[in-house]
Amino acid sequence: MEQRFRLQEKGGGRAADVGGFPLHLDGDPELCRRIREFLGGPVAALGPSLDPDTGERGTRVLTLAPGDPGWLVGCLRRAAQELDLRLTEPPLSGR
Amino acid sequence: MEELVQLSPYRSDRQYARLETYRRLGLPDATWAAEQFSLRIHVSQDSPNGAEKRASEVWETMDRLPLQVKDILRGVIDEVRLDSEDNFPTDTLGTWRDGTMRINRDWSLIPALRSGGWHRDLGYDLLRATLVHESGHALVEDPRGGIRLRDTVALIAASGWLPHPLDDPVPYGPVGRQVSTLSAYYLKRLQQLDPTWDGDLSLGSPSLPPASQLDRDVMREVSNFNRLRTKDRGSLRLQGSDQLIRRLRRDEPGRMTRELAARGLVLEDVDAALRRRRGISLYAEVAISETPAEIFRCIHAPFTRAEHSRPALIEGERVLLEPWRTADRAVGARRLALAPERPWEALQLVRRGVGRELGR
């Protein structure tokens, strides 16, 4: 089953449902249009690095491409922050 | 009964002078780092172009760090090295180990950071995030007295790490409702795997297995077949909540409902447990041993907003910040030092020329 999320205006206004992959958006057309702007390119995230020779661990910058785990939620978190929306996931029983 | 907060051994009672104060007096930045943080500084000279500019960025970022992180740099880190890109695995920003923090000074060579689309403060945000995250590792794992393993496990439990409900249904029942009961359960299971996991010792203690074994014992997937065949001691097989939700969504709902019922659970129990606490970041969900340092970063670095994981932040405040805050309150607020302060140890570093390595 795909990942699904809902983005809704705070206070319970317009809403849009986003699923992936492949990506699809349903709901308020204007909100969908604005959210779609965040679903284009790669997303930067931090992750662990490991030097296999020395065992030294550290922090590295990751580029998440569309379809990578974490890419969709990364895009939607950015959209929620920029557009002041609430990001939720439907329950497992509501598939 | 409430446990008394153990005072942080890293809290310093010395004041800090600003980098600007040293610059105004014509003193080198590296002298500021040596005197204010008792740090040895090393800048690799193999490709000197831009080294001095990059070093300035690092010192300016250190100057703006929160007081607790400054105390960790002063009390736990012995050396900061600015090394060139070829001394790191691909795309690495920085590392920490055994009192040495290494910062990659060639971020312009990291492909992910070449895009023109990043906002102008990304370099500063990432540098700050790296310094705070690696200081978080030092706080948790420092051999001279990091936080106790039972507190590390509490941070893991508060960050939404759970087993698959068909592997272990216990965390989806009453045990999983409170962080305290869930972390006690995880610690007990960890000690069943390996009795040397002593909850009262720090991960950096030589008497405990290394942090990499924590990942193995808590996260690694070991099938029952392999476990019997190789006499493997198994694993708690915890997964990050996002990863687990993705996995559960792939399962066939009818079969899942039947198998859960055989273990006394319904899908709503699983859903409620998964939503109760969430991972703080993608980074924190990659490895258990990264979770505490990521919580520390999310508390201290405003670059990260992690409202979706309040339980982890609350537990992080209790475990990572409160011991330091309590110690800080006991002594009273520190004001900025108005002039360079030169303790004996720092003077020795400056006399040995450590503060002049940049050749200013």
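Helices (H or I, at least four residues) and strands (E, at least two) are DSSP runs, numbered from the N terminus. By that count chain B has 15 helices and 4 strands. This is a predicted model, in which local features need pLDDT of at least 70 and side-chain atom pairs count only at pLDDT 80 or more, while totals for chains, interfaces and linings use all residues. Residues are numbered from 1 along each chain as its sequence is written, chains are lettered from A and ligands numbered from 1 in the order in which they are written, and side-chain values use heavy atoms, with hydrogens and water left out.

**Chain B overall**

- Of the 360 residues in chain B, 57% are buried, where buried means under 20% relative accessible area, exposed over 50% and partly exposed in between (1.4 Å probe, protein chains only).
- Among the contacts in chain B with a separation of 6 or more, 68% are between residues 24 or more positions apart; contact means heavy atoms within 4.5 Å.

**The sheet of chain A**

- Chain A holds an open sheet of 4 strands in the order S3-S2-S1-S6, with antiparallel pairing; two strands pair if DSSP finds at least two bridges between them.
- Strands S3 (24-27) and S6 (85-88) of chain A are at the edges with a single partner strand each, so one side of each has no neighbour in the sheet.
- From one strand to the next, the twist averages 20°.
- Strand S1 (residues 3-9) and strand S2 (residues 15-20) of chain A are joined by 6 bridges in the antiparallel sense, and A:Arg6 stands opposite A:Asp17 in S2(A).
- Helix H1 (residues 29-36) of chain A packs on this sheet and touches S1, S2, S3 and S6 of chain A. The direction of H1 makes about 150° with that of S3(A), with axes taken as lines fitted to C-alpha atoms, for helices over the stretch in contact, and angles running from 0 to 180 degrees between N-to-C directions.

**Strand S3 of chain B and its partners**

- Strand S3 (residues 92-97) of chain B is largely enclosed by the rest of the structure, because 5 of its 6 residues are buried.
- Strand S5 (residues 57-64) of chain A pairs with S3(B) in the antiparallel sense over 3 bridges; A:Arg60 stands opposite B:Thr92 in S3(B).
- S3(B) also pairs with S4(B), in the antiparallel sense and over 4 bridges, and the bridge partner of B:Gly94 is B:Ile103 in S4(B).
- The hairpin of S3(B) and S4(B) has 2 residues between the strands, and B:Asp98 takes a positive phi near 45° there.

- The axes of helix H3 (residues 51-63) and helix H5 (residues 122-141) of chain B come within 10 Å and cross at roughly 65°.
- On the H3(B) side, B:Arg54, B:Glu57, B:Val58, B:Thr61 and B:Met62 meet B:Tyr124, B:Leu127, B:Arg128 and B:Leu131 of H5(B).
- This contact of H3(B) with H5(B) has 5 nonpolar, 1 polar and 3 charged residues (Ala, Val, Leu, Ile, Met, Phe, Trp, Tyr, Cys and Pro count as nonpolar, Asp, Glu, Lys and Arg as charged, and the others, Gly among them, as polar).
- Helix H4 (residues 67-75) of chain B is mostly covered, with 7 of its 9 residues buried; among them are B:Val69, B:Ile72 and B:Leu73.
- The buried residues of H4(B) pack against helix H2 (29-37), H3, strand S4 (100-104), H5, helix H13 (291-300) and H14 of chain B.

- Helix H7 of chain B has 15 residues (179-193), which should span 21 Å at 1.5 Å a residue, and its end C-alpha atoms are 21 Å apart, in agreement; the expected span is 1.5 Å times one less than the number of residues.
- The buried residues of H7(B) include B:Val179, B:Leu182, B:Tyr186 and B:Leu190, and their cover includes helix H6 (149-158), helix H8 (211-219) and helix H14 (310-331) of chain B.
- B:Ser183 lies in helix H7 of chain B and is buried, with a relative accessible area of 9%.
- Not counting residues up to four places away in sequence, B:Ser183 touches B:Val153, B:Ala154 and B:Ala157.
- B:Leu236 sits in the loop between helix H9 (224-230) and helix H10 (241-250) of chain B and is buried, at a relative accessible area of 4%.
- Residues touched by B:Leu236, with those up to four places away in sequence not counted, include B:Tyr186, B:Arg189, B:Leu190 and B:Leu193.
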